[in-house]
Amino acid sequence: MDRREALKRLALLTGGALSMSTIAGVLGGCRAGSAPGYRPQTLSSDQHELVATIAELIIPETDTPGARAAGVPEFIDRMLTDWMYAAEREQFLQELSRVDALAQERFGRPFVRASEEQQVQLLQELEQEARQTEPRRVVIDRATGQIVDGPDTSAEDIAQGRPPRTLTVELRPFFRVMKELTVVGYYTSEVGATQELRLNLVPGRYDACVPYDQIGRAWA
């Protein structure tokens, strides 16, 4: 399976089209994985732990490793650092702070110190909020990644033979972004592709119709 086909399948898992930044990151080779001594580049240590906790609740450890063991938090940090526009990154970090603020308001403690039941409850509320909230379309400067006050001039630039200076992007609700990055990071990791999914490096005969209970897992 090539990367583009993988992206189509990952979009189905996340329930919609993937963002341009996520597609660019995956096609550009961004992968989950935890190198020894990895130090977050964009996330602080507290933010990294918060991201890891949320990701593990989205894809927990069962009979296969969860998001944390697959290196999903490191994938998200790399995406924030190297592939997201500044406006996307800033919104994500602001929303991370909001998650902790909501946990403090509801439960009297930061999210990572709340009980699992409380954590799940809050994430379910954020998921419901994300379903009811439309993405905010903004125009950004391609060079800086920051929001600009004005129209998207990319079509005009291209017509005039100039490199496009602006781009319209969607700033989506936090939980949609977090879920997308978690799922994409997990299933493009070695753990996700070889342990959660079944992997056959040397395919044998082609069976067009096989009962699912004989397979047990989807194929990578």
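Predicted model: local features only at pLDDT ≥ 70, side-chain atom pairs only at ≥ 80, totals over all residues.

User: What elements make up the chain, and in what order do they run?

Analyst: The chain has 9 helices and 2 strands. Starting at the N terminus, the order is α-α-α-α-α-α-β-α-β-α-α.

User: How do you know how far to trust the model?

Analyst: pLDDT is the predictor's confidence in each residue, on a scale from 0 to 100. Its mean over the chain is 83, and 72% of the residues reach 70 or more. Residues 10-14 have a pLDDT below 50, and beyond near neighbours in sequence this stretch has 12 contacts in the model.

User: What is the span of helix H3, and what is it set against?

Analyst: Helix H3 covers residues 45-58, which is 14 residues. The expected span is 1.5 Å times one less than the number of residues, and for H3 that gives 20 Å. From first C-alpha to last, H3 reaches 20 Å, so its span is close to the expected one.

User: Which residues of H3 are buried, and what do they pack against?

Analyst: The buried ones are His 48, Leu 50, Val 51, Ala 52, Thr 53, Ile 54, Ala 55 and Glu 56. Their packing partners are helix H4 (72-83), helix H5 (86-107), helix H6 (116-132) and helix H8 (174-187).

User: Why is Thr 182 called buried?

Analyst: Buried means under 20% relative accessible area. Thr 182 has 0% relative accessibility, so it counts as buried. Thr 182 sits in helix H8. Leaving aside neighbours within four places in sequence, its contacts are Ala 55, Ile 58, Ile 59, Ala 67, Val 72 and Ile 76.

User: Why is the pair Glu 49 and Arg 68 called a salt bridge?

Analyst: A salt bridge needs a side-chain nitrogen of Lys or Arg within 4 Å of a carboxyl oxygen of Asp or Glu. The closest N and O atoms of Glu 49 and Arg 68 are 3.1 Å apart, so the pair qualifies. It links distant parts of the chain, with Glu 49 in helix H3 and Arg 68 in the loop between H3 and H4, 19 residues apart.

User: What does the salt bridge between Arg 137 and Glu 170 tie together?

Analyst: Their side chains meet at 3.5 Å, N to O. Arg 137 lies in strand S1 (residues 136-141) and Glu 170 in strand S2 (residues 166-171), so the pair ties together parts that are 33 residues apart in sequence. Arg 137 is exposed at 60%, while Glu 170 is partly exposed at 38%.

User: How many salt bridges are there, and which residues are linked in a network?

Analyst: The structure holds 10. Glu 156, Asp 157, Arg 162 and Arg 165 are linked in a network of them.

User: Which residues touch the most other members of the largest nonpolar core?

Analyst: They are Ile 54, Ile 76 and Phe 92, in a core of 35 residues. H3, H4, H5, H6 and H8 each give two or more residues to this core, and the largest share, 8 residues, comes from H8. Ile 76 touches Val 51, Phe 92, Met 178, Leu 181 and Thr 182, not counting residues up to four places away in sequence. A second, separate core has 6 residues, including Val 138, Ile 140, Val 169 and Leu 171.

Conventions:
Residues numbered from 1 in each chain as written. Heavy atoms only, no water. Helix = DSSP H or I, 4+ residues; strand = E, 2+ residues; numbered from the N terminus. Buried < 20%, exposed > 50% of the residue type's maximum accessible area, 1.4 Å probe, protein only. Contact = heavy atoms within 4.5 Å. Core = buried A, V, L, I, M, F, W, Y, C linked by side-chain atoms within 4.5 Å.
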